[in-house]
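Q: I would like to learn how to read a protein model. Could you take me through it step by step?

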Amino acid sequence: GDGDQRPPKFTCMTPDATSSCFCGHAQRDHTIKGCIYCECDCFEYVPGPAAICSCGHLSKEHSAKRPHRCSDAGCNCQTFHSPWTCPCGHLWSCHITNARAREKPGAPPREETKS
């Protein structure tokens, strides 16, 4: 319901350079064009590379691109769903990632944000 979502400007946490993306790479490995190591087109925070979906597979076993379908051939999971709860008390699925874009890996973030 409406009580499950935070106001758009509310920041629960700020991912740092070592925070994990859905693709399994760190935020520092992403630029404004996406991940330098894979097909991922933008950083999307996931609570650790060992985050488990309700289908039983790890986040890294799901597509790095939305809607994050499970890559396991025998699984019918159409989207990653984590039961992880943020320190703010809301589920992972109630959040969006606003990551500051970087021109080059490891460079300081630009002021422009990408969600």
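A: Gladly! Let us start with a term: a residue is buried under 20% relative accessible area, exposed over 50%, and partly exposed in between, using a 1.4 Å probe and protein chains only. In this structure, Arg-66 counts as exposed, at 57% relative accessibility. Ile-32 is partly exposed, with 30%, and Gly-34 is buried, with 2%.

Q: What should I know about the model itself?
A: This is a predicted model, where local features need pLDDT of at least 70 and side-chain atom pairs count only at pLDDT 80 or more, while totals for chains, interfaces and linings use all residues. Residues are numbered from 1 along each chain as its sequence is written, and side-chain values use heavy atoms, with hydrogens and water left out.

Q: What is the mean pLDDT of the protein chain?
A: The term pLDDT stands for the predictor's confidence in each residue, from 0 to 100. Here the mean is 77, and 74% of the residues reach 70 or more. Over residues 110-115, pLDDT stays under 50. Where pLDDT is low, the predicted coordinates should not be read in detail.

Q: How many helices and strands are there in the protein chain?
A: Both are DSSP runs numbered from the N terminus: helices are H or I with at least four residues, strands are E with at least two. This chain has 0 helices and 4 strands. Gly-34 sits in strand 2, while Ile-32 belongs to the loop between strand 1 and strand 2.

Q: Which residues does Gly-34 touch?
A: A contact means heavy atoms within 4.5 Å. Not counting residues up to four places away in sequence, Gly-34 touches Asp-29, Cys-40, Asp-41 and Cys-42.

Q: Which residues have the most contacts inside the largest nonpolar core?
A: In soluble globular proteins, nonpolar side chains tend to be buried together. A nonpolar core is a set of buried Ala, Val, Leu, Ile, Met, Phe, Trp, Tyr and Cys residues joined through side-chain atoms within 4.5 Å. The largest one here has 16 residues, and those with the most contacts inside it are Cys-21, Phe-22, Cys-23, Cys-40, Val-46, Cys-77 and Phe-80. Beyond four places in sequence, Val-46 touches several residues, including Phe-22, Phe-80 and Trp-92. Of the 115 residues of the chain, 35% count as buried.

Q: What does Glu-44 form with Arg-66?
A: Side chains of opposite charge can pair when their charged atoms come close. A salt bridge is a side-chain nitrogen of Lys or Arg within 4 Å of a carboxyl oxygen of Asp or Glu. Glu-44 forms one with Arg-66, with the closest N and O atoms 3.3 Å apart. The two residues are 22 residues apart, both in the loop between strand 2 and strand 3. Glu-44 counts as buried, at 11% relative accessibility.
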